[in-house]
There are 2 protein chains.
Amino acid sequence: MKIVALAGGVGGAKLAYGLASELQPGDLTVIVNTADDFQHLGLHISPDLDTVCYTLAGMANPATGWGRRNESWNFMAALGRLGGPGWFRIGDADLATHVERTRRIGRGDPLSTIVREFCHSWGVQHSVLPMTDSAVATIVQSHEGDLDFQEYFVHRKCEPKVRGFKFLGIESARPAPGVADALADADAIVICPSNPLVSIAPILGIPGVRNLVARGWAVAVSPIVGGRAIRGPAAKMYAELGIEPSALSIAVQYRDIARGLVIDRSDASLQSEVVGIGLRVLVTQTLMRTLRDRRRLARDVLDFIRAELG
Amino acid sequence: MKIVALAGGVGGAKLAYGLASELQPGDLTVIVNTADDFQHLGLHISPDLDTVCYTLAGMANPATGWGRRNESWNFMAALGRLGGPGWFRIGDADLATHVERTRRIGRGDPLSTIVREFCHSWGVQHSVLPMTDSAVATIVQSHEGDLDFQEYFVHRKCEPKVRGFKFLGIESARPAPGVADALADADAIVICPSNPLVSIAPILGIPGVRNLVARGWAVAVSPIVGGRAIRGPAAKMYAELGIEPSALSIAVQYRDIARGLVIDRSDASLQSEVVGIGLRVLVTQTLMRTLRDRRRLARDVLDFIRAELG
């Protein structure tokens, strides 16, 4: 069974890890948001890609979800002494990823090629693709004006109230090599429990991708559990946009492209409403606190797909 | 007594440290070669400037002369795993200097401003000036063709035979702010025991600088002792250019701009010949193995200047 997973950062990476544990290399392709990529300190930084790759490689920092385990911080300390910006934390080993990626982009290598070779270096056996090799930039339209995504997300800690989002460059972006093929060939597509507004929306917004997902058999895992985001600002964003943060809102958001929704046991009471808007439902434990949780949720999702696909 | 020192990397930095120990802030300006600056990993790297600044700040690695003490190497290890170039070694804390300098050059700050502020951050109280804010690049004309300086110096370990040197951009370079004033105001100019061909020559080659040095009272410290370079490829270069590597050749090279030459005790037999070509001579111990050696040589040079200036 060939599976494509759509993922943003930490939450998506966890389920991608579970799926990678349950599927053979060649049967899983993870397509990752790059709209939160940004230039910082002159470096091209791809937060979601790195989180997914580090997680699949077993190199991720288990305490933070982002960055690398066993990391040292001498670069940041020395940068701070020089008065350089400290709001985006880059560990010494993590920095090599950004410097080498920036160097290779500078000489003309596509991001997708760089990611493939980085994954090979790190021993990641499953396929990880950026959604696009084109530059796409998430802009948070806030009550304080437009903010670059990392400025909003990291520097301002998601504090400004959001009014909407723009993905600059997305109309002219093209799916990265392999993205369209993987989606067209997939037996099923798993929309990971990443932020639908800023992690999944840009992937779906790449011209052609939404149709390929809708034509496939997609199942989403709700990132909202009991009215709260498992991680990150999704629930806060929904509330600020006037949408009730609930698994039901996730169902509404994905109803046109997904066939099924996976919701947490604590949201079991919403099951009939989700069914009512036309989605099949799996109720299970969706929180992933341990590596075992990731594998268990991946198995539940794959079993659900197999059962529904018949 | 106001002193200007002209310096390249490690050898020059040692005497600059000695001079800084003996002179009040405000009485010493160190003008540093930047012709071996280069772009690497997308970063603007200034090897000689960093060596001088780290040395004056007491932050230099005493084992290597370059880089920082108590350095960690996790960036290089991670870069190596990604297949990135490893021939130019950058420690984790050192990397902050390059990243922040590159960021600030990118936003339009002159190198001289950046160096001044870095020195302030590091507690360097004496004035350190790059020779120029313009881009100048040393090209080593070798029997294998033209090589960028760091390619020759670090990657190829000075192995290709040299035929000459070019300093690209030097005709249109301007002295950095403060350089001409410091030279014009100096009571004496100390040409540190740096490589005359690739460290001092570019400083003197900045339009206007050679005349200012010649009009001042300059004393050079020979980097050749007993026919060998104290450090680096100077003796090898002289030999490949068909010039005998000796303190006498240093005297010939500097005779038009210097009034005096400091030579090592082991070269005392050359004293009369150096005098014969018109330079005053100080014979002393010029090797600097310890911090005490640096201060002692600086005192000897300053005493020599005072005695000769009367």
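Reader: How far apart do the C-alpha centres of domain 1 and domain 2 of chain A lie?

Author: This is a predicted model, in which local features need pLDDT of at least 70 and side-chain atom pairs pLDDT 80 or more, while totals for chains, interfaces and linings use all residues. Residues are numbered from 1 along each chain as its sequence is written, and chains are lettered from A and ligands numbered from 1 in the order in which they are written. Domain 1 of chain A covers 3-136 + 171-309 and domain 2 covers 137-170, with bounds from an automatic or database domain assignment. Their C-alpha centres are separated by 19 Å.

Reader: Which helix gives the most to the side of domain 1 of chain A that touches domain 2 of chain A?

Author: Contact (C-beta atoms, placed from the backbone, within 7 Å) takes 21 residues from domain 1 of chain A and 15 residues from domain 2 of chain A. On the domain 1 side, α8 and α10 (234-240) of chain A each supply at least two residues; helices are DSSP runs of H or I, at least four residues, and strands runs of E, at least two, numbered from the N terminus. With 4 residues, the largest contribution is that of α8(A).

Reader: In what order do the strands of the open sheet in chain A run?

Author: Strands pair if DSSP finds at least two bridges between them. In chain A, β6 (residues 137-142) is joined to β8 by 6 bridges, one partner pair being A:S142 and A:V162. The pairing in this open sheet of 3 strands is antiparallel, and the order is β7-β6-β8.

Definitions and conventions:
Two residues are in contact if their C-beta atoms, placed from the backbone, lie within 7 Å.
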